[in-house]
Amino acid sequence: MASYSSSALFILFLLPTFSMAASTYYDICPVDCGCPDQNEVTMHLYLHQFVAGANHPNRNEEFVIASSYPNGFGTTLVDDWYLTATTNPNDNIVARAQGMHVQAGQSNANMWYTSHNIVFQDDRFKGSTLQVMGIIAASSGEWSVIGGTGEFSMAHGSIKFTTDPSSTSEDAVRELNIRAIYTADNPQAARGTTSVANATRLP
């Protein structure tokens, strides 16, 4: 019994040492050590989804799998939606949302799983991407930003969307409010602003 108590006391004696060693992990890279800068970007954009179908010549999505299951379960479309700074579909294209959406609800005919790369083509963020996934099941919702490349390396965040009143039978317009934290490849550039985006360096 005495031996057990001695061992227990020895372990208790070491616990503060283990705790201190674990806590120092978070101090390995202080803010001013020259490590990659963390930045937060916010964007306000409009997504234009020109719906699929033979009677929609301007469509930017196409059916890949037409399901025969109830509620269209499994129906799959490939997308090349685009994003502008205004609701005007003829405005300059800032980025494209390239990916797919799948009808994933067996008991709900409007439960679309989406997975897209938002590929920027404007001069400010050209070639950089955000990886986005989520659900479209109502006129508003939220998607996850799960990654990024280029200036948006290691991005994470969210996109809140809502259907805009300017939508037509041809063009489903969604207002997007994008917020993401990322590791900037070009910290100095990331501190600038554009008409569609604001980037802030995090402390």
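I'll start with a side-chain contact: T129 and T149 are joined through their side chains by a polar contact of 2.5 Å. Before going on, a reminder that this is a predicted model.

Staying with T129, its side chain also has a polar contact with the side chain of Q131, at 2.8 Å. T129 sits in strand β6, which covers residues 129–136. Is T129 buried or exposed? T129 has a relative accessible area of 10%, so it counts as buried, the cut-off being under 20%. Leaving aside residues up to four places away in sequence, T129 touches I118, V119, G147, G148, T149 and F152.

How many aromatic pairs does a search of the whole structure find? The search gives six. One of them is F120 with F125, an edge-to-face pair with 5.8 Å from centre to centre and 65° between the planes. F120 and F125 are both buried.

Another is F152 with Y182. Their ring centres are 5.1 Å apart and their planes stand at 90°, so this pair is edge-to-face too. Put together, F120, F125, F152 and Y182 make one aromatic cluster.

Next, the backbone. As a general point, most residues other than glycine have a negative phi. Which way does phi go at N71, positive or negative? At N71 phi is positive, near 60°, and the residue is not a glycine. N71 lies in the loop between β2 and β3, the latter being 76–84. Its relative accessible area is 36%, so N71 is classed as partly exposed.

M154 is also a residue other than glycine with a positive phi, near 60°.

Last, the surface. Which residues make the nonpolar surface patch of about 250 Å²? They are V64, I65 and V78. V64 is in strand β2, residues 61–65. With a relative accessible area of 55%, V64 is exposed, because exposed means over 50%.

Definitions and conventions
Residues numbered from 1 in each chain as written. Predicted model: local features only at pLDDT ≥ 70, side-chain atom pairs only at ≥ 80, totals over all residues. Heavy atoms only, no water. Patch = residues over 30% accessible without salt bridge, like charges linked within 9 Å, V, L, I, M, F, W, Y side chains within 5 Å. Areas by Shrake-Rupley, 256 points an atom, 1.4 Å probe, with all protein chains shown as cover. Salt bridge = Lys/Arg side-chain N within 4 Å of Asp/Glu carboxyl O. Helix = DSSP H or I, 4+ residues; strand = E, 2+ residues; numbered from the N terminus. Buried < 20%, exposed > 50% of the residue type's maximum accessible area, 1.4 Å probe, protein only. Polar contact = N/O pair within 3.5 Å; in protein donor to acceptor, adjacent residues only side chain to side chain. Contact = heavy atoms within 4.5 Å. Phe/Tyr/Trp six-rings, centres within 6.5 Å; stacked < 30°, edge-to-face > 60°.
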